[in-house]
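Work through the exercises below with the model open. Each task is followed by its solution.

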Amino acid sequence: MSLKWIHVSAFLYLMEVFFIASSKNNLLINEQIKASQVLLIGPNGEQVGVKSINDALTLASYAGLDLVLMNPNGNPPVCKIMDYNKFKYEKAKKEKEALKKQRSNATEIKEFRLSPVIDIGDFETKIKQVTKYLNKNDKIKVSIRFKGRQMAHTEIGKDVLLRFAQRLSDISDIEQQPKLDGRNMTMLLTPKK
């Protein structure tokens, strides 16, 4: 065997491996199916029986549809007569819907930072922003960072957090009471059910 033939066969093998890896989600259709006999399922879900691949392709072409290999590991492999493009479209649509539901069910934690000496206007602005996220069913982590001598009066920061939670008590519950961790005091709010 010549060196050129070895390179060509190695290249073809790599192309086949690449094709199999890239078409993992794609099913084999029509002439791509290499089995000699298949268990055939009709377009309405009825079981036609074991047919040769040529007979199955002929039936699919008469119906104006595709022959799709559904289960290559079956004995014999299972094929179905269907509109493959419609099948792919509906599958993609279902996956998109599932992803949308998954995103809507996942609750995010939004973090807001206050100051122990927060002004009334800033306090009201934060209340409005947090209300918007609580209505979207997001959890809220409210934190205060103490600087310098503010560490001597952490009770002021705790009062600010409790006043913040009190203002939002009609739409939220306190999941975690204000807790001091180093220079930060945090509190966790969750939307009311």
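**Charges on the surface**

Arg113 sits in strand β5 (residues 109-114); strands are DSSP runs of E with at least two residues, helices runs of H or I with at least four, numbered from the N terminus. This is a predicted model: local features need pLDDT of at least 70, side-chain atom pairs count only at pLDDT 80 or more, and totals for chains, interfaces and linings use all residues. Residues are numbered from 1 along each chain as its sequence is written, and side-chain values use heavy atoms, without hydrogens and water.

**Exercise 1.** Classify Arg113 as buried or exposed.

*Solution.* Take the cut-offs: buried is under 20% relative accessible area, exposed over 50%, partly exposed in between (1.4 Å probe, protein chains only). Arg113 has 51%, so Arg113 is exposed.

**Exercise 2.** Which residue forms a salt bridge with Glu175, and what does the pair tie together?

*Solution.* The partner is Lys139, with the closest N and O atoms 3.4 Å apart. Glu175 lies in strand β7 (residues 172-181) and Lys139 in strand β6 (residues 139-145), so the pair ties together parts 36 residues apart in sequence. Glu175 is partly exposed at 46%. Lys139 is partly exposed at 25%.

Key
A salt bridge is a side-chain nitrogen of Lys or Arg within 4 Å of a carboxyl oxygen of Asp or Glu.
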